[in-house]
Amino acid sequence: MKIKNKFFKENYVGSWRYIKESKNFIYAILMVFFLLVLIGAFIPIPGVLEQKILKIIEELLRQTENMSAGALVKFIFFNNLQSSFLGLFLGVGLGVFSFITGIVNGYILGFVMLKSVQANGVLVLWKLLPHGIFELPALFISLGLGMKLGTFIFKKNKIVILKRYLFESARAFVFVILPLLLIAAIIEGSLIFLFR
């Protein structure tokens, strides 16, 4: 049992050490994300793009409308897991995919906030808040680590650095991001089930 506890503790602490080392990339994603949230919330978009986003949201609502609480949690968890995984590991291509994912997610959140406020008033934002408490940090960490992963190409020992970044990213994904996504899915799935 002691060996097991030591293994988890070492990997958990190591994961946070690497996250701390990558903080500038995480902050960069954070700033881009919230800039796009503001743009999505305050700057009108062409009608064609608006219709496309609304179609995606409607499809998501249709898929989840009759799900049980457990099925909702599972759906949200695997949806967020896929986004975070791809946002992190596809960052290997100069961090471009991670950066674009931050832009798209920020814009869509701003757009959803705008539409929610227009339909239900500003107080609806308090209902949206619990959904992001664990999910957004997991997303920011994933995308920040993805951007850092893409910088291996500028280092002298490219292969050595890439191996290290991949190992550290995978460890952070398992020991930090995964638990955050699970907690987020449980909270979000439960809230959606209770308040629909």
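1. Burial in this predicted model: of the 196 residues of the chain, 37% count as buried, where buried means under 20% relative accessible area with a 1.4 Å probe and protein chains only. The chain exposes about 12,100 Å², of which carbon and sulfur atoms supply 72%, the areas coming from the Shrake-Rupley method with a 1.4 Å probe.

2. On the basis of the values, local features need pLDDT of at least 70 and side-chain atom pairs count only at pLDDT 80 or more, while totals for chains, interfaces and linings use all residues. Residues are numbered from 1 along each chain as its sequence is written, and side-chain values use heavy atoms, with hydrogens and water left out.

3. The secondary structure comes to 8 helices and 0 strands, helices being DSSP runs of H or I with at least four residues and strands runs of E with at least two, numbered from the N terminus.

4. The C-alpha trace spans about 50 × 40 × 25 Å along its principal axes.

5. Among contacts (heavy atoms within 4.5 Å) with a separation of 6 or more, 85% are accounted for by residues 24 or more positions apart.

6. As to confidence, expressed as pLDDT from 0 to 100 for each residue, the mean for the chain is 88, and 93% of its residues reach 70 or more. Confidence is lowest in helix H6 (residues 124-132), at a mean of 69, and highest in helix H7 (residues 135-149), at 95.

Key. Buried means under 20% relative accessible area, exposed over 50%, partly exposed in between (1.4 Å probe, protein chains only). pLDDT is the predictor's confidence in each residue, from 0 to 100.
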